[in-house]
Amino acid sequence: MSIVNVIWHKVPDTDSIISALVFAEYLVKSWVEAKAFRLWELNNETRFIFDNVWADVPELSTGFEASSKIALVDHNEKSQTVDNIDELDLEYIVDHHKIWALSTSKPIFVRFENIGSTNTLLYKMYSEASFEISKTNAILMISAIISDTLLFRSPTTTSEDVKAIEELNKIALIDDLEWYALKMFNAKSDLWDISVGDLIKLDYKEFDVWNFKIWAGTIETTNPDYSLNRKTEIVSKMQEIKSENRLDIIILSVVDILNEKNITIISDEHDEKIVKDVFWVASSDNLADLWARISRKKQIIPQLTEYYNKL
Ligand SMILES: [Mn+2]
């Protein structure tokens with residue numbers, strides 16, 4: 001039997017990377033040969049978490065041959081996964097995002113729930129199967145849930161996420177979760193040596209609505225001024241990315257995690273008008289104040305999707 005390659009989306013965040021590791025282990029415990037791969041470098045937050053527990057980072061994949069078995073975690077859209085997904089043998093999806101144009105040629109295993117983190121879902125799957133969770137994995141899974149829910153600040157948070165952290169912490173034994181979360185957020189905000197191009201691509205979702213191509217980037221940070229002060233450079237790079245990728249719209253939300261505020265950078269007048277129509281906010285000097293819309297998944301992408309759906 002050939003191995004199942006468990007992969008996360010192209011631009012990996014903490015939840016997706018840890019999901020891949022934890023789900024690969026779940027498959028192995030279920031007697032399915034599986035291995036987690038990464039498609040990209042880790043961001044500073046994820047690096048901090050892995051260093052903290054001395055966990056091994058999954059190998060970088062150089063691509064998968066046609067017919068390789070694949071499991072997708074924390075994503076399900078073609079625009080966010082490996083380029084040759086259509087040639088691969090998709091067997092599993094474990095995710096908590098919206099679903100767009102998903103189709104397969106044979107029955108597969110899927111598990112979706114409307115909860116704050118894929119790791120909460122994996123925690124439930126481990127519990128249901130009575131699989132043991134190691135201390136290292138418990139710390140990793142807690143970190144992933146903290147990262148996706150911004151320690152319960154995000155409106156995506158459910159009581160199941162809270163419960164999962166509570167239960168996992170009986171194994172992980174992290175004394176002060178607030179303090180630990182702040183260390184994570186500060187690591188994520190440490191962007192002093194990053195180029196503007198990498199900053200824009202740090203955490204973005206590209207998605208299609210019919211023929212429209214939408215790019216929604218986010219910088220979750222405890223230091224929003226750092227990015228906002230580089231606005232001029234960022235705007236011109238965003239214009240470049242927009243024309244290179246033939247995007248219909250590109251936005252970059254600078255999310256102040258601790259104050260729960262979203263200032264979004266917009267690169268041209270066309271996008272300014274759309275942001276105004278969608279979110280009912282005026283923008284000036286390439287900035288729109290989107291108030292407390294700190295969840296891209298719930299407060300940005302659905303609204304943009306609905307707008308383009310109606311065009
Ligand atoms: Mn996630």
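**Questions about a predicted model**

Author: Let's start with an open sheet of six strands, in the order E3-E2-E1-E4-E5-E6 with parallel pairing. The strands are DSSP runs of at least two residues, numbered from the N terminus. This is a predicted model, in which local features need pLDDT of at least 70, side-chain atom pairs count only at pLDDT 80 or more, and totals for chains, interfaces and linings use all residues. Residues are numbered from 1 along each chain as its sequence is written.

Reader: What makes strand E3 and strand E6 stand at the edges?

Author: Strand E3 (59-60) and strand E6 (109-112) each have a single partner strand, so one side of each is left without a neighbour in the sheet.

Reader: How do you know that E1 and E4 pair?

Author: Two strands pair if DSSP finds at least two bridges between them. Strand E1 (residues 4-7) and strand E4 (residues 69-73) run parallel and are joined by four bridges, so by that rule they pair. For Val 6, the bridge partner in E4 is Ala 71.

Reader: Why does the radius of gyration agree with a compact globule?

Author: The radius is taken over C-alpha atoms, and the globule rule is 2.2 Å times the number of residues to the power 0.38. For 311 residues a compact globule would be near 19 Å, and the protein has 19 Å, so the two agree.

Reader: What makes a residue count as buried, and how many of the 311 residues are buried?

Author: A buried residue has 20 or more other C-beta atoms within 10 Å of its own C-beta, with C-beta atoms placed from the backbone. Buried residues make up 43% of the 311.

Definitions and conventions:
Buried ≥ 20, exposed ≤ 12 C-beta atoms within 10 Å, placed from the backbone.
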